[in-house]
Amino acid sequence: MATQRPRVSDWATDFDHTDPEWVADPYPIWNELRTRCPVAHSERYGGAWLPVRHDDVAAVAYDTEHFTSRSVVVSEVRPGPDDLPAPIGQAPPITSDPPFHALARRLLLPAFAPKPIEALEPFTRELCVELLDATAGERQIDAAVDYAQHIPLRVIVKMLGFPQEDADLFRRFIRIVLEDVDQSAEERQAVVDEGELDAYIDARIAEHLADPQDDLTSFLLDAELDGNKLDPDHVRGTMVLLMIAGIDTTWSAIGASLWHLAQNPADRQRLAAEPELMPTAVEEFLRAYAPVTMARLVATDFDFRGRQMKEGDWLLLPFPAANRDPEHFPDADNVQIDRAENRHAAFGLGIHRCIGSNLARMELRVALEEWMKRYPDFELVDPTRVTWSAGQVRGPRTVPVRVR
Amino acid sequence: MRVHVDPEKCQGHNRCYALAPELFDVDDLGNAFELNDGVVPEGLEAKARSAVANCPEYAISVSE
């Protein structure tokens, strides 16, 4: 069960990314830490570190020798060596380290390159139109619940070749894995061990083996590593990863962008008048509202930026904080939808760059384009009714808006 | 002007390809490479600079 944690009193020595203050608005916390102690520490979760400067976040992302990706979600119980057999990890390649990482990643990359993702744009656009059609006649709609959340969910279900009506099932799995950080690893594992998810995936795998399709499931089943078909655990782990990594992340980015536009009429008017600006605006929304904070485990005792890190310590890797570093982004807390120079790290840096970045960008752009076509004028019903997810994926979970 | 992608630094963010498809392409794995030996046709200098300024990995450079 979730435990009630004491509130954070000092962010430099006792940070907690599930504290209500962080959940509501983490940016002032990171700004304060950036000037005070760029690498914060906490005894929570058995010991954890938090860099907040762009340079430090980048240095960790590039250092796969001192930081392992064996677990990328901070929780109460850190995995032991037997839980996640190195070097594959539970969900390759995100939980894999070099050299296995490159092999596992190489298998997946062709499915996520720009051209195959472009092919999914018509499906995504039709889906957005269908979702907007369902809101016809309403004066108030929830941009997160009624719109944003369905888009990446149904696109990944489509990519995997699973039945569209199973989309709700995945929403529950995702919530368990990413948002209930107070659950122990065992408690989370129990959900998986009840076999529901595995059984579901095994059934889809069996169907695809019997009758191969032109989809990601058959692509994975057909893939070879060193001349052998992938281990079933590898296939299942990768599918779980795609579901988990591909859904609430993009849902968060779409929701946060609509939340921003609901409050900024000048940006709405400009995008309505200059639709060709949308790809640039999408990058700025990704920078300013990057949803994903990753994590690493310290692989070996060593000194980083003057801090004595110990093997097994957690390190929270906040790409959203890197994106707000004023040393890299002038006027970093100000959203400028025409920002021309934007080396943001919303999709991470280094070898673990989000494999779905082309997909996420396409979904975000199409979702905003179709929304703006349908509802160029909209506003928050009540800013206090907007709620944000807790955990390492940050996005609004309810965004009631009044549409005209 | 010439553009150059450092293949050691490129991680396949595909920003250059999105911003300047006249100057860059990507392989099946999403890794970028420069077209036309990196020679930037006249009139596309701003696009080349934009690709440099938007590469998260600092993998692209231009030389005059």
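I started at Asp37(B), which counts as exposed because it has 8 C-beta neighbours inside 10 Å. My cut-offs: buried is 20 or more other C-beta atoms within 10 Å of the residue's own, exposed is 12 or fewer, partly exposed is in between, and C-beta atoms are placed from the backbone. Asp37(B) sits in the loop between β3 (32-34) and α2 of chain B.

Housekeeping. This is a predicted model, where local features need pLDDT of at least 70, side-chain atom pairs count only at pLDDT 80 or more, and totals for chains, interfaces and linings use all residues. Residues are numbered from 1 along each chain as its sequence is written, while chains are lettered from A and ligands numbered from 1 in the order in which they are written. Helices (H or I, at least four residues) and strands (E, at least two) are DSSP runs, numbered from the N terminus.

Confidence next. The model scores ipTM 0.98 and pTM 0.94. Chain B has a mean pLDDT (the predictor's confidence in each residue, from 0 to 100) of 97, and 100% of its residues reach 70 or more.

Then I looked up the sheet in chain A. It is an open one of 5 strands, ordered β1-β2-β10-β7-β3, with mixed pairing; two strands pair if DSSP finds at least two bridges between them. β1 (39-42) and β3 (67-68) of chain A are the edges, each with a single partner strand, so one side of each has no neighbour in the sheet. Helix α3 (54-62) of chain A packs on this sheet, touching β1, β2 (48-51), β3, β7 and β10 of chain A, and its direction makes about 120° with that of β10(A). Axes here are lines fitted to C-alpha atoms, for helices over the stretch in contact, and angles run from 0 to 180 degrees between N-to-C directions.

Which residues of α3(A) are buried? I noted His54(A), Asp56(A), Val57(A), Ala58(A), Val60(A) and Ala61(A). The buried residues of α3(A) pack against β1, β2, β3, β7, β10 and α16 (319-322) of chain A.

Last, the interface. I found 16 residues of chain B in contact (C-beta atoms, placed from the backbone, within 7 Å) with 20 residues of chain A. On chain B's side, α1 (15-19) and α2 (45-53) each supply at least two residues.

How values were computed. Contact = placed C-beta atoms within 7 Å.
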